[in-house]
Amino acid sequence: MKSPETKMTASDESVSSMTSFPTSKRFFLVLISPDKPGQLPENVIHVTDQTAVVEGNINLFGFLLQGLSEAEQNKAVSHIRQSQYWVHPVYTDNTNNKNPLLDGHKTLVEAMSSAQQMQELLISLKLDPQALQTDEKIMLYQYIREQSELRPVLDRNSKRLYRYPVIDVLSKTEELADILLIDLLKRQTLIPRTLLDRTRECPHCGSAHPHFIDVCPQCESIEIHKTAALHCFTCGHVGPETDFQSPSGMLCPQCNTRLRHIGVDYDRPLTQYACQSCHHIFIEPKIRANCLDCGSENLPEQLIPHDISTLVLSVQGRMLLRSGASNESFTNVKTSNYVVGAYFRQTIAWSLSIQERHPDIGFGLVLFNIQNAQEIIEQIGALRAYALFDEISLRISELQRDSDLATRFGEYGLWIFLPMSSAEGFANRLKGILSTLNIPQQSNIQAEIHSLQCPQDIIPKTTVNDVMAKLSKKVQKHVG
Ligand SMILES: [Zn+2]
Ligand SMILES: [Zn+2]
Ligand SMILES: [Zn+2]
């Protein structure tokens, strides 16, 4: 992760009394307003349109939109959220605009104080907002907004019915936004706060657009209608009332008994529906939930309930960001028996110490690394690239035994520890698997596999760092 780049402004370097940053560089609040304001505090810049600022290079800590129409505000905030200033607060003087990309209604004085607090949180993390992956961006956005929640909006055109506009704008594509949302929830980096609604999703395609239709429980015809029914006491026949009507009065269509007195000859059962196709009479129709997106026919109980909530950054998510974000949970190649790096090293150290007394108890160590992961993502898109990395992870998991351990190496690599087994054998099987992978045409995956065997490949009294360095030194393009 790169450290923040130094950005200098053209203006003087004196520290304004309004700023309280541990830096000599001045930061500004940008006031976007069509009207020329009166006297402004020193660290407020006034512009009539966001374009010049967004495309410029200014040390700023926030924006205030004043006197703009709602459409102009929405346009300005979208532009800012897609710019290098994506993380900074954008306040408005308009109490009615509920656009989730905005940071609420504030006066100039309130905006300055609130934006400065966020700026201090941002500086305290020592992250470069421009160098972050999209999932890290979403986390950082929430981190500096402390108690604020990511609010979903109802969008009938969206497959899942609800969208999180902040995640959408930071992800750029709807596909990536969906993957990231699922991933961040699965990792419990984002957690639900307030439950707002519940949708039912198609078990085949995840669409939250089921179309419910009631059908005959016997023949599934949709030609059913509500009807009064009669029950003949003589033969037990149950049928629509219309079937019993004849010019000479009520006759059972099955046994021809004349039905005169309710409670004596017949009664009215609870049945409410009749099927025109098969003449079945029933109380409750069967409900089918047809998916409007993929066309699959499901039963309502097959739909997957999905709670729609506001989301907040979890304590774990905050810790991840503070520890530098490029962390265990950010690895893109995950396998079974995955452990954190410290535990992995400890296990190797323990094995080395056992081996000193029992030289026959050895282990293998394999380092696997995808060298051109970034290129693959650029060539075939993040969605297909991550699916490919998942496939590789799955195949590696299949090769592993229960006693093997794995931990991350960089963002697209793995260390694999193989107690009492051959690293070379594992490496060869892994090479075999990579050659049979179904890889999208445009991409050519370049992976490297290095291995060593203990005690054969090491000198006595070696340390865990020496052992691991022996392999990591061979890596062509270090990504960690
Ligand atoms: Zn009858
Ligand atoms: Zn029927
Ligand atoms: Zn579907």
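Start by selecting strand S1 (residues 28-32) and strand S2 (residues 44-47): four bridges join them, and they run parallel. Helices and strands here are DSSP runs numbered from the N terminus, with at least four residues (H or I) for a helix and at least two (E) for a strand. Two strands count as paired if DSSP finds at least two bridges between them. Zoom in on Ile-32, whose bridge partner in S2 is Val-47.

A word on the model before moving on. It is a predicted one, where local features need pLDDT of at least 70 and side-chain atom pairs count only at pLDDT 80 or more, while totals for chains, interfaces and linings use all residues. Residues are numbered from 1 along each chain as its sequence is written, and chains are lettered from A and ligands numbered from 1 in the order in which they are written.

**Stop 1: around S1**

Now show the side chains of S1. Which residues point one way, and which the other? Phe-28, Val-30 and Ile-32 point one way, Leu-29 and Leu-31 the other, and all are buried. In a regular strand, side chains alternate between the two faces of the sheet. Buried means that 20 or more other C-beta atoms lie within 10 Å of the residue's own; 12 or fewer make it exposed, anything in between partly exposed, and C-beta atoms are placed from the backbone. Five of the five residues of S1 are buried, so this strand is largely enclosed by the rest of the structure.

**Stop 2: the largest nonpolar core**

Next, select Leu-29, Val-30, Phe-63, Ile-80, Leu-140 and Ile-167. Of the 49 residues in the largest nonpolar core, these touch the most other members. Such a core is a set of buried Ala, Val, Leu, Ile, Met, Phe, Trp, Tyr and Cys residues joined through C-beta atoms within 7 Å. Helix H4 gives the most to this core, with six residues. Center on Leu-140, which touches Val-87, Leu-127, Pro-129, Leu-132 and Leu-321, leaving out residues up to four places away in sequence. Here, residues are in contact if their C-beta atoms, placed from the backbone, lie within 7 Å.

**Stop 3: two crossing helices**

Select helix H4 (residues 134-144) and helix H8 (residues 315-322). At what angle do their axes cross? They come within 10 Å and cross at roughly 105 degrees. Axes are lines fitted to C-alpha atoms, for helices over the stretch in contact, and angles run from 0 to 180 degrees between N-to-C directions. H4 and H8 are therefore roughly perpendicular to each other, a label for angles of 65 to 115 degrees. Display Met-139, Leu-140 and Tyr-143 in H4, which meet Gly-317, Arg-318, Leu-320 and Leu-321 in H8.

**Stop 4**

Strand S22 (residues 413-419) pairs with S21 in the antiparallel sense over five bridges, and Leu-405 stands opposite Phe-417 in S22.

**Stop 5**

Most residues other than glycine have a negative phi, and most peptide bonds are trans. Select Cys-454 and Pro-455: the peptide bond between them is cis, with omega near 10 degrees. Pro-455 sits in the loop between S23 and helix H12 (464-472). Lys-461 lies in that loop between S23 and H12, and has a positive phi of about 65 degrees although it is not a glycine. Is Lys-461 buried or exposed? Lys-461 is exposed, with 8 other C-beta atoms within 10 Å.

Now jump back to Lys-172, in the loop between helix H5 (165-171) and helix H6 (174-186). Its phi is near 75 degrees, a positive value in a residue other than glycine. With 12 C-beta neighbours inside 10 Å, Lys-172 counts as exposed.

**Last stop: the whole chain**

Of its 480 residues, 29% count as buried.

Key:
Parallel < 35°, antiparallel > 145°, perpendicular 65-115°, else oblique. Contact = placed C-beta atoms within 7 Å.
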